[in-house]
Amino acid sequence: MTLSELDLPLPVLRVFAFAWGAMWGSFVNVVVYRVPREMSVVRPGSHCPGCGAPVAAFDNIPIVSWLILRGKARCCGVRISPRYVVVEALSGLVALAVFEAIVVPLPGDTSLLHAGSIFLGDFALAMALLAAAFIDAEHMYLPDKITLGGTLFGLLTPSLRGLGWTDVLLGGAVGFVGVWLPFVVGYKALRGRAGMGLGDAKLTMLAGAWFGWPGVAFAVFAGAMQASVAAGIIYLVKGKIEEPESVVKDREEIQKAAAEGDEEAKQLLELDPLATAPEEGLMGARLPFGPFLCLAIIEWMLGREWIVDRWLPLLGP
């Protein structure tokens with residue numbers, strides 16, 4: 001069966017896409033909470049963060065349950081972070097955007113199997129990037145399970161994006177080396193400490209494995225631009241840019257362990273760019289770069305043809 005033979009109106013498919021995304025948004029919330037804490041994302045099932053009681057199925061409906069319960073657990077009344085409903089809503093919107101921007105424009109003679117593979121592949125990438133963005137925003141940490149796993153998936157599926165093996169292999173290499181060499185090796189040679197973590201290099205490697213070197217170039221450029229704007233706004237509003245609370249807490253624990261003679265902690269203090277407090281002022285502030293890289297990769301995934309047609313001509317012949 002082909003897309004033109006699918007006897008379902010677009011509004012129904014759009015509703016399905018949003019609902020599908022919101023449903024998986026619940027799983028993204030599990031990943032965001034559990035992966036940094038080295039917990040299983042499978043067991044135990046959803047439970048109350050306050051008293052630990054299992055969450056009933058009717059209280060686990062994406063978006064709806066949080067709104068009905070007004071952001072509180074039914075069992076003990078503990079406050080449930082708005083992040084949960086935000087992630088579910090974003091997941092639904094991203095799924096809808098993938099359907100609208102990538103699936104709808106496909107030729108009518110495209111098989112449902114091929115169209116579905118394209119949708120599921122891009123949707124899986126978007127969910128992984130959404131999870132990575134929220135984890136990095138809270139912990140300034142990008143899990144290898146997402147960056148390396150996503151890179152491998154991208155390397156294995158170039159045909160879904162009209163690319164060849166050379167495109168994705170070269171893109172992955174450019175993505176990693178293009179960040180690792182100047183910002184990890186070079187910066188450390190000049191300042192004695194890496195300017196960025198390897199997680200960012202692995203994330204740009206993922207961008208290259210999915211979209212070739214043009215995806216890397218856009219991700220780094222657009223990510224840096226958006227991060228600069230965000231940093232400026234935060235600094236103007238708050239007068240400073242603060243590190244995530246979890247990062248400060250982890251650094252204090254590492255420093256305490258190092259002071260007590262822990263050799264592993266001492267090595268972390270020497271190697272980890274987050275092991276020392278940031279310098280004063282805007283130029284010394286630390287802002288997680290991962291969320292902006294993730295945003296830029298999703299932007300390229302959804303609008304790369306428009307970006308190329310609209311903006312590249314402005315750069316000249």
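1. Lys238 is exposed, at 53% relative accessible area. Please keep in mind throughout that the model is predicted.

2. Over the whole structure, the search finds 5 salt bridges.

3. Another pair to look at is Glu100 and Arg14, whose closest N and O atoms are 2.8 Å apart in a salt bridge. Glu100 belongs to helix H3 and Arg14 to helix H1, so this pair ties together parts of the chain that are 86 residues apart in sequence. Both partners are partly exposed: Glu100 has 33% relative accessibility, and Arg14 has a relative accessible area of 29%.

4. Lys202 and Asp144 also meet through their side chains in a salt bridge, at 2.8 Å from N to O. This pair links distant parts of the chain, with Lys202 in helix H7 (residues 198-238) and Asp144 in helix H5 (residues 144-156), 58 residues apart. Is Lys202 buried or exposed? At 15% relative accessibility, Lys202 counts as buried, because the cut-off for buried is under 20%. Asp144, at 37%, counts as partly exposed.

5. On to the second largest pocket, which has a volume of about 800 Å³. Its lining is made of 34 residues, and those nearest the centre are Ser46, His47, Val55, Asn60 and Tyr84. Helix H1 (10-34), helix H2 (64-68) and helix H3 (83-103) are the elements that each give two or more residues to this lining. H1 provides the largest share, 6 residues.

6. What is the make-up of that lining in nonpolar, polar and charged residues? The residues of the lining divide into 22 nonpolar, 7 polar and 5 charged.

7. Finally, the cysteines. The disulfide count comes to 0, where the rule asks for a pair of cysteine sulfur atoms within 2.5 Å. Cys75 counts as partly exposed, at 47% relative accessibility, whereas Cys294 is buried, with a relative accessible area of 2%.

Definitions and conventions:
Residues numbered from 1 in each chain as written. Predicted model: local features only at pLDDT ≥ 70, side-chain atom pairs only at ≥ 80, totals over all residues. Heavy atoms only, no water. 1 Å grid on protein atoms, 1.4 Å probe; cavity = no way out; pocket = protein on both sides within 12 Å on 5 of 7 lines; lining within 4 Å. Points joined across faces, edges and corners; volume = space filled by probe spheres on them. Helix = DSSP H or I, 4+ residues; strand = E, 2+ residues; numbered from the N terminus. Nonpolar A, V, L, I, M, F, W, Y, C, P; charged D, E, K, R; others polar. Buried < 20%, exposed > 50% of the residue type's maximum accessible area, 1.4 Å probe, protein only. Salt bridge = Lys/Arg side-chain N within 4 Å of Asp/Glu carboxyl O.
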